[in-house]
Amino acid sequence: RMLADYITAVLASALNPESVRDQFNKSSAALNEMIWKYRIIPLERFVLCMLMRNASGNDAHVQITFLNILLTNTRELKERVNAFLQEGINPEHWKHEEWFQKNSNFHKAYPDYVYFEGVQGSNPIASTQKTYLPTYFGKFSN
């Protein structure tokens with residue numbers, strides 16, 4: 001929540017259009033690295049946090065504009081969506097015979113890390129002691 005408030009405050013306090021554009025670009029680049037490269041913040045939690053914040057006036061406009069830029073200009077998100085669509089998973093997945101295999105293939109290609117496993121995976125010194133169930137077992141129970 002503090003990161004969402006900070007980003008909103010920084011972007012809302014920019015005075016001229018050039019500094020606003022510069023702040024939007026810097027903030028979205030830094031946040032993209034935190035989400036996709038280092039896997040510190042899950043994308044869905046950040047989006048929900050930004051959308052559920054109690055903001056009014058200019059702050060609400062800044063939050064929606066920032067989320068629009070973050071979601072539409074992110075190469076990693078586009079790659080994941082395209083890969084999911086190419087798997088050909090039927091929206092009524094319970095009727096699909098090979099749904100589990102296709103879903104498993106997608107999660108092998110694009111794993112979801114939890115509890116800073118992404119940071120630990122990039123650090124050779126830190127080792128993960130716990131084994132977690134794949135995230136598709138708990139997406140709706142969190």
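These are my notebook entries on a predicted model of one protein chain.

**Ground rules**

I number residues from 1 along each chain as its sequence is written, and I leave out hydrogens and water, so that side-chain values rest on heavy atoms. Because the model is predicted, I take local features only at pLDDT of at least 70 and side-chain atom pairs only at pLDDT 80 or more, while totals for chains, interfaces and linings use all residues.

**Entry 1: the fold**

I began with secondary structure. I took helices (H or I, at least four residues) and strands (E, at least two) as DSSP runs, numbered from the N terminus. The protein chain has 7 helices and 0 strands. Along the sequence I read the pattern α-α-α-α-α-α-α.

Next I looked up burial. I call a residue buried under 20% relative accessible area, exposed over 50%, and partly exposed in between (1.4 Å probe, protein chains only). Of the 142 residues in the protein chain, 26% are buried. For areas I used the Shrake-Rupley method with a 1.4 Å probe; for residues, only the protein chains shown count as cover. The chain exposes about 10,300 Å². Carbon and sulfur atoms supply 56% of that area.

Then contacts, meaning heavy atoms within 4.5 Å. I kept those between residues at least 6 apart in sequence, and 59% of them join residues at least 24 apart.

**Entry 2: helix 3**

Which residues of helix 3 are buried? In this helix, residues 43-52, I found Leu43, Phe46, Val47, Cys49 and Met50 buried. Down the axis of helix 3, these buried residues fall within an arc of 160 degrees, so they line one face of the helix. The arc is taken over the directions from the helix axis to the C-beta atoms. I recall the general rule: an α-helix has 3.6 residues a turn, so residues three or four places apart point the same way. On the other side of helix 3, Arg45 and Met52 are exposed.

I then asked what covers the buried residues of helix 3. The cover includes helix 1 (2-13), helix 2 (17-37), helix 4 (58-72) and helix 5 (75-86).

**Entry 3: Lys102**

I located Lys102 in helix 6, residues 99-109. Lys102 is buried, yet has no salt bridge. I define a salt bridge as a side-chain nitrogen of Lys or Arg within 4 Å of a carboxyl oxygen of Asp or Glu. For charge, I count Lys and Arg as positive and Asp and Glu as negative; His and the chain ends are not counted. The nearest side chain of opposite charge to Lys102 is Glu98, 4.9 Å away.

What does the side chain of Lys102 reach? I found the backbone oxygen of Glu87 at 3.0 Å. Leaving aside residues up to four places away in sequence, Lys102 touches Glu87, Gly88, Ile89 and His96.

**Entry 4: salt bridges**

I counted 5 salt bridges by the rule above. The side chains of Asp5 and Arg53 form one of them, at 2.8 Å, N to O. Asp5 lies in helix 1 and Arg53 in the loop between helix 3 and helix 4, so the pair ties together parts that are 48 residues apart in sequence. Asp5 is partly exposed at 34% relative accessible area. Arg53 is also partly exposed, at 26%.

I looked at Asp22 and Lys26 next. Their side chains meet in a salt bridge at 3.4 Å, N to O. Both lie in helix 2, 4 residues apart, about one turn of the helix. Asp22 is partly exposed at 36%, and Lys26 is partly exposed at 49%.

The side chains of Arg75 and Glu76 also meet in a salt bridge, at 3.4 Å, N to O. Arg75 is exposed, with a relative accessible area of 52%. Glu76 is partly exposed at 25%. Salt bridges that share partners join Arg75, Glu76 and Glu79 into one network.

**Entry 5: two loop residues**

I checked backbone angles at Arg39. Arg39 is not a glycine, although its phi is positive at about 55 degrees. I placed Arg39 in the loop between helix 2 and helix 3. At 28% relative accessibility, Arg39 is partly exposed.

Where is His93? I found His93 in the loop between helix 5 and helix 6. His93 is partly exposed, at 33% relative accessibility. From His93 to Asn103 I have 9.7 Å in space, C-alpha to C-alpha, and 10 residues in sequence.

Conventions
A polar contact is a pair of N or O atoms within 3.5 Å; within protein, one must be able to donate a hydrogen and the other to accept it, and residues adjacent in sequence count only if both atoms are side-chain atoms.
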